Amino acid sequence: MVINVCTFAAEPIASVEVYAVAELTFTGPRQKATDSPARDIDFSVTFLHEDGKSRHVIHGFFDGDGKGGVSGDSFKVRFCPTRPGRWTLSEVKSSAPELKGEREGQFIIARTSKRPGFWLADAASAGGRWFKRSDGSHPYIVGNTQYSFLSGRKDQNQPSGVDIAADMAANARYFKKVRFSLHGDRYVHPEAKPFLDDAGKPTDSGDFSHRPNPAWFHQRADTAVAAAFEHDLIADLILAGPDTEESRSTLRAGRNNGNPAPWLKYIAARYGSYPNVWICLCNEYNIRTPTYSEREVAKFGEIIRSFLPYSSPLSVHASPPIVWADVFDTLPQWNTHQIVQKKLRTIGPSADVMGVAWGVKAASPRHKPTINDELSYEGEGDKHTREDTVESHLGAFLGGGYASTGYKAKNKIGHYFWGGFNPKEHTAAESLKFLRQVIDNSITFWNMAPSVSIFSGLDEEFRGMAWDGREYVLGTNKPRQGLRAKLPPGQWKVTRHDIIKRESEIIAEDANGDFRFDAPESRAVLFHFKKY
């Protein structure tokens with residue numbers, strides 16, 4: 001196909017770094033609060049690189065008056081350039097005549113940058129267990145949970161006092177991901193709501209998911225995603241749930257004849273160009289009202305994937321006793337990774353649940369990254385101590401996966417719903433930060449798979465990983481003398497990291513052969529063996 005590009009546009013309409021986000025505004029047909037533009041107006045832009053080959057088709061979305069107002073004629077497209085150079089708006093398509101062809105032939109200049117880009121399932125990593133970034137780096141992920149913090153409310157409908165952007169910045173100092181719902185869920189705002197009903201009034205009912213409220217998303221969700229992006233923090237968006245029927249009904253779409261496609265397209269359009277955005281279709285899809293079957297979930301996944309312009313991480317969250325449903329193996333493969341939920345306190349079971357999800361005992365193992373997104377909520381709600389949370393997260397790493405925490409003061413109470421992250425309450429955060437730093441600074445974990453093959457004299461709880469002949473890690477949670485490592489030929493550096501105490505010590509600079517060592521009195525110690 002020959003693309004006719006207008007030559008009158010001598011100046012770029014935007015200049016943006018590679019893997020940053022350019023937001024372009026278009027003027028479309030004026031919409032009122034009683035209209036349904038997410039469903040009724042198709043709008044997309046094709047961005048073509050100067051090489052004539054690289055292209056991205058980005059769907060647009062209605063944004064009210066563009067300033068947080070519900071009514072207006074502002075339509076937007078968010079574009080993330082994936083390589084430097086000139087990107088031309090080569091085709092602007094829309095079912096609305098006002099939008100069709102608008103700004104066609106204009107261009108954006110993408111500048112070289114050091115931004116790491118999107119999160120991609122790394123098929124070349126050990127067993128396909130790990131994520132990488134567009135730039136090839138492999139940061140380790142520990143996540144936090146703040147289900148309903150966008151509403152700014154806590155129990156008894158009191159203001160939470162949470163500043164969304166500041167909260168994202170605070171999380172980024174300790175974590176690599178924050179998972180949150182796009183709704184108020186149990187703690188709704190009395191006036192601000194994510195949807196509009198047929199009369200144009202704000203509502204929390206996800207059955208109206210085909211009518212997103214621009215005010216809510218412009219003022220709240222956009223703020224969270226953009227702030228997280230600036231700190232390279234993953235914004236893990238939960239599209240249905242976690243708890244209430246109103247928040248879970250977005251995929252039921254009861255007031256749109258059971259068709260959630262407008263909602264899924266809206267999310268893909270509004271947030272799919274952010275490299276830091278992950279998407280969870282539903283929290284605990286198999287419990288509470290409404291529940292969704294695996295076939296329904298897979299269909300939702302196929303729909304949103306058809307609208308997403310990039311390979312954004314996409315999955316769904318099950319509730320025990322399901323770890324990862326076997327039936328997903330027989331359905332079209334829509335998910336990039338597996339989310340599991342099992343609350344655990346110790347290294348061994350935390351590591352082993354990763355293997356169960358990964359299908360190591362199945363006829364056809366699942367070679368996809370796995371994250372336990374409710375591994376350990378510190379606090380009185382689940383009776384998990386700081387040490388429980390730290391030890392279990394070390395176990396998740398040693399099982400070849402990732403995990404998320406949260407602070408749960410009581411049932412449905414605390415940071416894990418309201419936000420307002422505070423490390424003085426969520427005390428495990430300091431050690432989880434230390435764990436991430438140790439891994440990121442010294443361990444090439446993406447080449448490693450669960451194994452304790454070189455070790456002997458272990459307690460049954462101990463777990464490890466190996467990059468055979470090059471690098472090994474072992475995790476311990478109790479004192480034990482006489483541990484042995486049968487090291488392959490060469491000189492090895494051995495470092496002991498006490499994750500609880502946040503202390504590191506080199507215990508051997510030139511270990512070789514049959515190396516003996518002891519595990520100290522600590523619940524979370526990581527031994528690192530590296531050949532040099």
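In what follows, Ala, Val, Leu, Ile, Met, Phe, Trp, Tyr, Cys and Pro count as nonpolar, Asp, Glu, Lys and Arg as charged, and the others, Gly among them, as polar. The model is predicted, so local features need pLDDT of at least 70 and side-chain atom pairs count only at pLDDT 80 or more, while totals for chains, interfaces and linings use all residues. Residues are numbered from 1 along each chain as its sequence is written, and side-chain values use heavy atoms, without hydrogens and water.

A cavity is a set of points on a 1 Å grid over the protein atoms alone where a 1.4 Å probe fits but cannot get out; lining residues have an atom within 4 Å of a point. Points are joined across faces, edges and corners, and a volume is the space filled by probe spheres set on them. Two cavities of 30 Å³ or more are found.

| Cavity | Volume | Lining by class |
|---|---|---|
| Largest | about 220 Å³ | 15 nonpolar, four polar, five charged residues |

Of the 24 residues that line the largest cavity, Pro-37, Ala-38, Phe-62, Pro-212 and Tyr-266 are closest to its centre. Helices (H or I, at least four residues) and strands (E, at least two) are DSSP runs, numbered from the N terminus. The largest share of this lining, four residues, comes from α5. The second largest cavity is lined by Arg-129, Met-354, Trp-358, Lys-368, Thr-370, Gly-399 and Gly-400.

Technical notes
1 Å grid on protein atoms, 1.4 Å probe; cavity = no way out; pocket = protein on both sides within 12 Å on 5 of 7 lines; lining within 4 Å.
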